[in-house]
Amino acid sequence: MILQDKVWWLTVAGLGGVTAVFLYVISQATRQADATRVQAQSYTIRRWFFLVLVVTGLIVTGATLLPFPISRQHALSRAPQIVKVTGHQWAWEVSPGPIKAGIPVEFDVTSADVNHGFGLYDSSGRMLAQTQAMPGVTNRLAYTFAQPGKYRVLCLEYCGLAHHGMIFEFNVVESTEGRP
Amino acid sequence: MSALYPDTESLTPRERNVLNLYLVSTLALFIVLMVFGLTMRLAQGTWITLSPAVFYQIMTAHGAGMVGTVGLASSAVMWFFLQKYVRLSLPIFVTNYVLFMLGAVLLLGATFIGHYGGAWTFLYPLPVHTLGVWSVGAAAVFMLGYLVIGVGFLLFYLDAMLAIIRVYGNLGRGLGLQWLFGGSIDKSHPKTVVASSMVIIVNSLGILGGAVVLVMSLVNAYASDFVLNALFAKNLIYFFGHVFINTSIYMAVIGVYELLPRYTNRPWGISRPFLWAWAASTVMVLIVYPHHLMMDFVMPRWMVITGQVVSYASGLPVFLVTAYGALTNIYRCSMRWRLPAMLLILSMFGWAAGIVPAIIDATISVNRVMHNTMWVPGHFHFYLMLGVLPMLLAFMYHLIGARGARPEHGGDRLGLAVYIVGGLTFVLMFLAGGRASEPRRYAVHFPQWIPYDRVASVAALLVILAMLLFTTRICRGLLAASPTADSRLK
C-alpha cells in the first residue's frame, strides 16, 4: 500500500473513531445522570486516555524520525547522480543527462526568482517526494527511482499566473550497472 | 430560562448596535467569500470558465478574507463574554471594526482593481515579482491592508490586556498560572479570562511578527536594494499566519465554554488540567509553526522536529480538555436540544475530527507527499467550516434567543442537516484530492481530479444555501429585536 493510501485509511479510522464517540454521547444526552459521578468516571477514563495518547505519540515520533527522513543538507554529497534544478516563473530548468533507476539521485533544487515547489510525480499521477525551490537557497532531495519510465515535476508552491502549467517531464532509464 | 440568558450579558443599545455591526458584516462576508470558494471549485471542475488571472485573484481574496473574517467574528465572541468580567473600551472595539473594514477595502481593491493575485501568503518575493500581471503598487496596497487590519486587532488586544491586568494583576494570573503546581483553584475564575489571556499574549506576538515581515516587504517593494532573506521572511509569514488563525479558533471557543453548560444544565468549571492545557497551548501555538516549513530542507533539524512533536502535543489540549470536557458535560445531561446546543456539539466534533488529518500531515515523512496538496485545505476547512463557524453560529443563534426572538424554526434544523452533509462532503473531497496527490492552488486541474471538484462544488452549494438560511434568520433576529430587549443601565 502506498503512503498516501495508508494516510487516508488512518485518517478515515481516526475520523470514524471521533464520530463514533460523539454519536454515542449524543445518543445519551437526553438521559440524566448525576453530574458529579459522570465527571469522576469520565476523568478517570481521561487519565488512561492521556497515557495511551502520550505513549502512542512517543512511539510514532520515534518510528517516523529514526532514521531522519530528510537527507543531510550540509554534508558532502555522496550521491552517484546529481541533478541541478532551478525553478523559474514558469518553467523548470533541469541539468541534462539520463537519470538511472535503482541508483540514488540527489536533486539540488533552487529558484531563480520566487518560491516554487519541486514535486516529483510518477506516470500514474502519484507524488513520490517533494522539496521547496527557494531563491538564495538550495534544498537537496534524495530519491531513488525504483522503476524506469516517464516522470513529471509539478510546481507545488504557488508562484503566480502560470503556476499550474509549470510542468517538466523526464525519463528515468534502466541502469546498465544493474540494481544494487 | 434565566440561566440561559443571564442579566450580566445584557448590553446597552450602543453596545448592541456595535455587536450587530460585527455580526451582520461577518455573516455577509462569509457568504460572499463562500461564493468565491464555490466559484473556484466550479472552475476547477470545468463547469465554468475562469481565466487563471481571475482565479488567482479570487483565491487571494478568499484566503485573506476568510482568515480575517473568522478573526473578526471570533473577536466579537471574545469581546461579548470578556466584558462581563473586565471593563473593555467600546470605542476601541469600534476602532477595530473600522480598521478591519478599511483594510478589507484595501485588500479587495488591490485584488480586483489592482489585479493582485499573490495569495494570502504574500510569500516574498512573489508580491513584487509580478511579471506584469499586477503592479508593485497593488501588492503594496494589499500588504498595507494587512497592516491596517493588524493595527485594529492589536489595539483590541492591548485594551483587553489592560482590562485583565486591572482586575487580575497580570496576564499570568488571568491564565491561572498561580494554580498550575498547587493551591486551591478559585472555581469562579472565568474560563473566558483564561482563554482571552492566552489569545492576547499569543496573537499580539503573532501580529507583531506579521507586521515586521510586512514592513520589510513594503520597503523592499520600493527599495529593491533592500533584499530580504526568503527563508527568514517565510518563517515570519507562517509564524504570523499560524498564530492568527489558531487564536481565532481560541477566541471562538470561549463561546463553547460559556454557552454549552447552559444547555446541558451542568457546571463546567475550571480545573488544573484545564489550566495546564491553556498554559501549554500558549507556548505550543507560538513554537509549532515550523510544521509549515518541513519541505524547506535547509531549515534546522531541531526546528522541524519541534514542528512535528509539538503538532502531536497540540492535539492533547483539544482532544483531552476541550472536546473531552464538552463530551463529559453533555453525557446524560438531559440536554436542552436547541439549535445553539446542536451547533456547539457540531463545533466540538469539527474541531476534534479536523485535527486528525492535520496532525497526521505534521509528520515529516507524511508531509513529504502531502504538503501543498489538497490535503492541506482539507484539514483546515474541516476545523474551520465544521468547527469554528458552528461555534460562531451557535453564539449568534443564542444571542437572538436572548433578545427575545424565537430561537429557531423547523427550517433551521433542516438547514443544519444540509450544512453538515454539505460541509462533510466538501472537506472529504479535499482530503480525497490530497490522497490522489492533487496540488492545491491550481487554476486548472488534470482530468483525473475533476470528479472531486464537481462533487465539492455541489457540496459547497449546499453549505452556501444553509448559510443563507442561517444568515437571514440571524440578521432578522438581531435587527428586529426590540430596542429595550437587552438594554441595561451602566
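This is a predicted model: local features need pLDDT of at least 70, side-chain atom pairs count only at pLDDT 80 or more; totals for chains, interfaces and linings use all residues.

Me: What is the hand of the crossing of α7(B) and α12(B), and which residues make the contact?
Reply: α7(B) and α12(B) cross in the left-handed sense. From α7(B) the contact takes Ser248(B), Ile249(B), Ala252(B), Val253(B), Gly255(B), Val256(B) and Leu259(B). From α12(B) come Gly387(B), Val388(B), Met391(B), Leu392(B), Ala394(B), Phe395(B) and His398(B). By class, the residues of this contact are 10 nonpolar, four polar and no charged.

Me: Why are α13(B) and α14(B) called roughly antiparallel?
Reply: The axes of α13(B) and α14(B), the latter residues 450-480, cross at roughly 150° and come within 8 Å. Angles over 145 degrees count as roughly antiparallel, and α13(B) and α14(B) are therefore given that description.

Me: What is the hand of that crossing, and how do the residues of the contact of α13(B) with α14(B) divide by class?
Reply: α13(B) passes α14(B) in a left-handed crossing. Their contact has 17 nonpolar, six polar and two charged residues.

Me: How do you know that the span of α13(B) agrees with its number of residues?
Reply: α13(B) has 26 residues, which at 1.5 Å a residue should span 38 Å. The expected span uses one less than the number of residues. The end C-alpha atoms of α13(B) are 38 Å apart, so the two values agree.

Me: Which elements of chain B supply the side that touches chain A?
Reply: In total, 61 residues of chain B are in contact with 68 residues of chain A. At least two residues each come from α2 (52-82), α7 (230-264), α9 (301-330), α10 (339-361), α11 (364-370) and α13 (410-435) of chain B. α9(B) gives the most, with 11 residues. The side of chain B that touches chain A consists of 42 nonpolar, 12 polar and seven charged residues.

Me: What makes β3 and β6 of chain A edge strands?
Reply: An open sheet of five strands in chain A has the order β3-β9-β8-β5-β6. β3 (99-100) and β6 (127-133) of chain A each pair on one side only, and are its edge strands.

Me: How do you know that β3(A) and β9(A) pair?
Reply: Pairing needs at least two bridges, and β3(A) and β9(A), residues 167-173, have two, in the parallel sense. Lys100(A) has Val173(A) as its bridge partner in β9(A).

Me: What is the pairing in this sheet called, and in which sense do β8(A) and β9(A) pair?
Reply: The pairing is mixed. β3(A) and β9(A) pair in the parallel sense, whereas β8(A), residues 149-155, and β9(A) pair in the antiparallel sense over six bridges. Leu120(A) has Val153(A) of β8(A) as its bridge partner.

Note on methods: Residues are numbered from 1 along each chain as its sequence is written. Chains are lettered from A and ligands numbered from 1 in the order in which they are written. Two residues are in contact if their C-beta atoms, placed from the backbone, lie within 7 Å. Helices (H or I, at least four residues) and strands (E, at least two) are DSSP runs, numbered from the N terminus. Ala, Val, Leu, Ile, Met, Phe, Trp, Tyr, Cys and Pro count as nonpolar, Asp, Glu, Lys and Arg as charged, and the others, Gly among them, as polar. A crossing is left-handed if the near helix is turned anticlockwise from the far one by less than a right angle, and right-handed if clockwise. Axes are lines fitted to C-alpha atoms, for helices over the stretch in contact, and angles run from 0 to 180 degrees between N-to-C directions. Angles under 35 degrees count as roughly parallel, over 145 as roughly antiparallel, 65 to 115 as roughly perpendicular and the rest as oblique.
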